[in-house]
Amino acid sequence: MAAHLKKRVYEEFSKVVQIPHEETPAKKLRLSKPSKSAALHIDLCKATNSTDALQYLLQFARKPVEAESVEGVVRILLEHYYKETDNSVRLKIASLLGLLSKTQGFSPDCIVDDAINTLSNEKSHQVLAQLLDTLLVIGTQLPESPALRLRLVEVAYKHLSDTYFGVRNKCLQLLGCLGMVDAPLGKENEGAGLRDVQSIISDYFGDQDPRVRTAALKAMLQLHERGMKIHQIIYDQACRLLTDDYEQVRSAAVQMVWVLSQLYPESIVPIPSSNEEIRLVDDAFGKISHMVSDGSWMVRVQAAKTLGSMLQVSPHFLEQTLDKKLMSDLRRKRTAHERAKELFASGEFSSGRKWADDAPKEKLDTNTVNLIASGACGAFVHGLEDEMFEVRIAAVEALCQLARSSPSFAEKCLDFLVDMFNDEIEEVRLQSIHVLREISTHITLREDQLDTVLAVLEDSSRDIREALHELLCYTNVSTKECIQLALLELLKNLNKYPTDRNSVWKCLKFLGSRHPTLVLPLVPELLSTHPYFDTPEPDMDDPAYIAVLVLVFNAAKSCPTMPALFSDHTFRHYAYLRDSLSHLVPPLRLPGRKQVYGLDSVDSGPGSGSVESAQLFLQQSLNRVSTIQNLEAPGAQDLLDLTIRDLLRLGELQTELAGAADFCATYLRCQLLLMKALQEKLWNMAVPLCLKQNVTATAAAQQILEETYKLEFLYSGLESRQVATIHHVRLQAKALQLVLTARTRQGLDLLISSCEKFLQDVESFQRLFLTELPHLQDSFVDKLLELMPRLSSCKPVELVKILQTTLRQSGLLQLRLPEQIHRATATIIEPTGESDNPLRFTSGLVVALDIDATLEHVQDPQNTVKVQVLYPDGQSHVIHPKPGDFRKPGPHRHRLITQVYLSHTAWTEPSQIEVRLLLAYSSSSTSLTSPSKLGWSENLESLPPAEAAVEGTIPFSKAVKVFIMPKPARR
Amino acid sequence: MPEIKVTPLGAGQDVGRSCILVSIGGKNIMLDCGMHMGYNDDRRFPDFSYITQNGRLTDFLDCVIISHFHLDHCGALPYMSEMVGYDGPIYMTHPTKAICPILLEDFRKITVDKKGETNFFTSQMIKDCMKKVIPLNLHQTVQVDDELEIKAYYAGHVLGAAMVHIKVGSESVVYTGDYNMTPDRHLGAAWIDKCRPDILISESTYATTIRDSKRCRERDFLKKVHESIERGGKVLIPVFALGRAQELCILLETFWERMNLKAPIYFSTGLTEKANHYYKLFITWTNQKIRKTFVQRNMFEFKHIKAFDRSYADNPGPMVVFATPGMLHAGQSLQIFKKWAGNEKNMVIMPGYCVQGTIGHKILNGQRKLEMEGRATLDVKLQVEYMSFSAHADAKGIMQLIRMAEPRNMLLVHGEAVKMEFLKGKIEQEFSIDCYMPANGETTTVTTNPSVPVDISLNLLKREMALGGPLPDPKKPRTMHGTLIMKENSLKLVSSEQALKELGLNEHQLRFTCHVQLQDPHSDADTLHRIYTHLKSVLKGYTIQHLPDGTVIVESIVIKVSSSAEDSNTKVLLLSWSYQVKTWTLFLERFVIIYSFKCSEQQQDRELIDIQWGGKKIH
């Protein structure tokens, strides 16, 4: 009760102080409001001729108008509109009306009547179209007013018969956006009955102007988007428009047909010129397939894209899209695909050395050859060979979608996708590799297909090679020859591009674990063992040998008979590789060897259980920590120390929880530091005596600050609760800093300014985490905010005192863990830092250093990730990589492949520079305070001045050392 | 009825010597002017005397259009223009104009210098001929004269190949030249808009073939070359200098680039270098990829392909050599072939068709021992591969083009008769349009039904629009009244008043009258009044006036009543109407008759028939 009373007192007290603060900006706004419309009015009155008026209007349009004054402006504009004789000015006014009714916070229903009135008197078609556009805007602004909608629709219907295409366009648009399903409208002539929106719109499918036809189709699509069920009658009309002369009509018609095929897939339509009937979706599929060989590439793209989403089509039709009967001189010829398949089936592989190998065989009956493919025939064959790569990409994507839903189709389209690996545009090649990977669950590659796939391994583009490695990870192959072939090609790849090492190893890991039985017969050959003779021990550092071992060991994991084939040195190598490349080499049960690695059992045991137990452990340790009530409690420090150690180890063991564990550990370390700083006896000492202790405390405060930035920006998946906690710690650190400043330095001005700054920080904290405040009961901030009114008025010295006591009294804030929390990490793959050969270059010139790094869990790396180069003399450069240097090979994973330029003055001998990656952050861009979009009504000036944004960088990768040697330039 | 006549002088049911005459709307146009590879006598060139026995061609031809630079499409051009004599315009695209003289000069050299023929065109003639050429741009409409206009479309096939759309008035013809509907590594696919010509003249080289996807072919080719190079073998690719050679170069160049290969590729020099220069220049005529990337790097500036020198053939290590000519019958390709034939690691890839009798043909047929001149025999140990890289549209492609252009008639040239027959049947079946395949010298006549454009006065149009319905329905024809004036070769539709005014004529009113007799005991005035009231009750919404001078006027129809002289009971009704309101009157007439029935039941049938007969006569 007492506290409550106290609060009240302070509240009353505070009012006096704050009034002058708030009043000033509000006044400013109010002054500017009437001036806007008044100025416009004066301007328009001043205008002697239409050009002047137009100029004024144009100028006026550049400036925003506040919501309150919109209506006044609209009145003035309308007034002028009635007087104006010039069309262009009226047009501009009409467009301004539309613009103004979009203003946030302004409800345009008051100007509807006026707008409709103007419409009836207007003679110029252009202005009419613009006015209808304005009505459209108004209509969309007021979605919950059926009466208004009905009125607008009536208006649109009345003007549909205008002779100018623009007016008809806008009317149709209006009908599409506002027309209603259930309410019939409009009277056709007298007493012809009521008609609904759809049939009215569909009347304009046959309009003489292609733009109106397009608008009609678009309006219909709009109706569909708004959830109206389109009648099936439209289908025939839409199909007819597929053969329109104009591409935009055809393009819209394709969409329309698609929509209808999704709505009525199962209804039956007759085939013209025969009495058969087929499903509508099949018919539509056939018709859209036809459009893949349209004359306009826009339509082709549209059609190809659309095909991909027609999953209900019958398999019979689907397979026709890949059908292409070949003939030569009227004799049936087999396609290369068929020949390859046959060769494979007959056991013979890769002939094709003869001329006329593809000689046509059987004679074709001329009547059966269907040249114009009716229906779906060969749509994808066309699409994949199209001139424009946009069409090809669209076709590849469509293939992917269809193949994912139909395994048999996936099998069939394999050949075509493999063919696309040879496209001249890299993007298409890459896309088709990705697609193949996505459907690879359905397929098993034949030897000849694998051969073609593997040929791409020699591609000079790293993206292509890596995509291919990824593909091979997921591929099933059929025979042991395939494995051998793949291994051979991968080794060749490794030889040609040594930088692909990791990717190749990873690929072989999956290849091995997927096909243990196929690898088994190859083992003696692969390890070059001999039944009688000892073979020389291979070089352990040879990447190729490691690659082979990775393949074998991963296969051996699920094939217990395999280790029997190993020779002695293989076991030794296993032990070595298991240690050095543990992510590639699985634990094996080897005969005569104990399972020494306790760690392995964790890995091989039921994974989920161990994660759960680890999670439990994490939670328990956090709970334990939360028992610390007071920072000065005895034993608290030891407990924190222990918990931090535990958590760090847990993070190492359980990779899934590494992020969370690290996060907690860092947070606890902050608390520990704070605790230590506060426990110093310095607080009781006189100022001059405790200079030394002061230094450690200051350092601790500084460190806490840094750690909080790490906590905030290095981890992804934080919720606002955690961010609040982090900010809270930061606030504590700042308070500590303030206290320390007060104790050490005597300058009063400095103290006052830092006090003010601190108070600002507290305020902004309150503003940012208003919703989180209830969770922060009893914490430092809570107490602080209670005292806030007093704080803002009191003297700095008093403030410092309050802070000091609050700091020491406040308890430990418990950390709640979010669901998923990940630490941003970066690994520099290249340069490896192992090279002893210095990079030599002439001083004053530059040398390019290739950097290849993988980034995990980094949000928006294009803007945040930087490369830092540290020279031995302490100079450091920060380089911003280009946005194009980042690729995204997987979710939460980025890859940075870039070049940094080094330069320095001449050195006498080679030395090492350090390269590391930095994560840049700026406190103003906190993930939570994403600046809300400013409307017209809000002025930038009215916003409170942003707190001084703290910008900085966090190193988040290990530094790599590179040997360089700038030589003096020769004269 | 107007007609379009098409007469092939060459390429009618044949390949080679393309030369087609078209007469359209009184204009004569020659499409292509090629030579035949198979003949060395007069049959080599088209028979220009067909056009005119003596005298210059200029008087008979309005223009000549060359579709592309292959000799079977332009080989006879200097002969025609300089030796036969033609001074009119010759149209070809920019690349064709640039490259054509190189080929003609080469052709001349071989014929005159090597074979020693006389009476052949000279270098100067080629130059003079090229001076008459007017270059065309794609999609540019060129007005040859007031009525004849031509427009070029992209045709693929080779650099600068074009299809032409020829238009006189509303009649039009499209000539495709050679074209390709599937894009390749350096050229795009042919495209034409829906121009609905009266005749589409299409080549039909592959009328009975549907080809496999180009990707398989390319992949096979690349794989073979790659394997051979990896074995350390040498690869010989005999080519003709232009067209496919560039395609293969691009293919290998990009493959080398992609796969990071180091083995050298050579191109035997000669006219290729000049031609390559033009390929670099005319980037806009190539496909999407080359057009888009040429800013970074022009694809025809080969990085891996270097000029070949004779001595390189003996260099150790793998290499790829492009050498001319394509059939291994002479020249550099044969020399290299002889050198490399002995090693089984080497390979020769024939990218095209070989004529019987050439070494190319022999080795393709599996002959392993070749007899050379001087009784020497050559053991062929190297591998022989065949790869087809042709740039003509296949049957499907031709059908696709027809669907794009939607012609009213189809005419096939540049193909074998048997094959054409098949395609003709297919076209007629699928599109139900007429298809022709004239032989050389045979004339095909197609009658057209051109629409005759007529100017219409705006006032008249507006007036008619105001009369009926809100909007003209584009799908339905509408009738309207007006006067057609033919004056000095132009047609004009105007309202009749204006026509009268323009022609200086007086307006004559034509009125029809009709007498109806009926039995009515009332007085004249009474009868009239009764008719008036009756009409008034029946015809609502029409202006019916009863004038004091004893007439009733319904709209513009006048009704008068008078008693007959003999019998006052017999009233004679006089109806009078002008020409314009004919239908109206019929109705009124019938009404009056019905009225008269009502008035007097004893009306005789004879009279009725009379009246009806009278009405019919007027009608």
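I started with a network of salt bridges that links Asp245(A), Lys194(B), Arg196(B) and Glu406(B). My cut-off for a salt bridge is a side-chain nitrogen of Lys or Arg within 4 Å of a carboxyl oxygen of Asp or Glu. Side chains of opposite charge can pair when their charged atoms come close.

Ground rules, before I forget. This is a predicted model, where local features need pLDDT of at least 70 and side-chain atom pairs count only at pLDDT 80 or more, while totals for chains, interfaces and linings use all residues. Residues are numbered from 1 along each chain as its sequence is written, chains are lettered from A and ligands numbered from 1 in the order in which they are written, and side-chain values use heavy atoms, with hydrogens and water left out.

**Entry: the A/B contact**

How many residues does each chain put into the contact? I get 57 from chain B and 63 from chain A, with contact meaning heavy atoms within 4.5 Å. The size of an interface is often given as the accessible area lost when the parts come together. Here the buried area between chain B and chain A is about 5,300 Å², and carbon and sulfur atoms give 49% of that. (Buried area is the accessible area, 1.4 Å probe, that two parts lose on being put together, summed over both.)

The rule finds eight salt bridges across the interface of chain B and chain A. One that I looked up pairs Arg215(B) with Asp423(A), at 3.1 Å from N to O.

Which elements of chain B each supply at least two residues of the side that touches chain A? They are H5 (214–230), H6 (244–259), H8 (288–293), strand E19 (383–386), H11 (395–405) and H12 (417–431). H5(B) gives the largest share, nine residues. By class, that side of chain B has 20 nonpolar, 12 polar and 25 charged residues. Helices here are DSSP runs (H or I, at least four residues), strands likewise (E, at least two), numbered from the N terminus.

Another pair on my list is Lys492(A) with Glu230(B), a salt bridge of 3.5 Å, N to O. This pair crosses between chains, from helix H23 (residues 480–496) of chain A to helix H5 of chain B. Lys492(A) is partly exposed at 35% relative accessibility, and Glu230(B) is partly exposed at 44%.

**Entry: salt bridges within a chain**

Over all chains the count comes to 61 salt bridges. Asp852(A) and Arg462(A) form one, with their closest N and O atoms 3.0 Å apart. Asp852(A) sits in strand E13 (residues 847–856) and Arg462(A) in helix H22 (residues 462–474) of chain A, so the pair ties together parts that are 390 residues apart in sequence. Are the two partners buried or exposed? Asp852(A) is buried at 2%, and Arg462(A) is buried at 17%.

In chain B I checked Glu253(B) with Arg297(B), a salt bridge of 2.6 Å, N to O. Glu253(B) is in helix H6 and Arg297(B) in the loop between H8 and strand E14 (305–308), 44 residues apart. Glu253(B) is buried at 2%, whereas Arg297(B) is partly exposed at 23%.

**Entry: two loop residues in chain B**

His392(B) lies in the loop between E19 and H11 and is buried at 13% relative accessibility. Its side chain makes polar contacts with the side chains of Glu203(B), at 3.0 Å, and Thr205(B), at 3.4 Å. Leaving aside neighbours within four places in sequence, the residues in contact with His392(B) include His157(B), Asp178(B), Arg211(B) and His414(B).

Gly156(B) is in the loop between strand E8 (148–154) and strand E9 (162–168), buried at 0%. Not counting residues up to four places away in sequence, Gly156(B) touches Ala161(B), Leu187(B), Gly188(B) and Ala190(B).

Terms used:
Nonpolar A, V, L, I, M, F, W, Y, C, P; charged D, E, K, R; others polar. Buried < 20%, exposed > 50% of the residue type's maximum accessible area, 1.4 Å probe, protein only. Polar contact = N/O pair within 3.5 Å; in protein donor to acceptor, adjacent residues only side chain to side chain.
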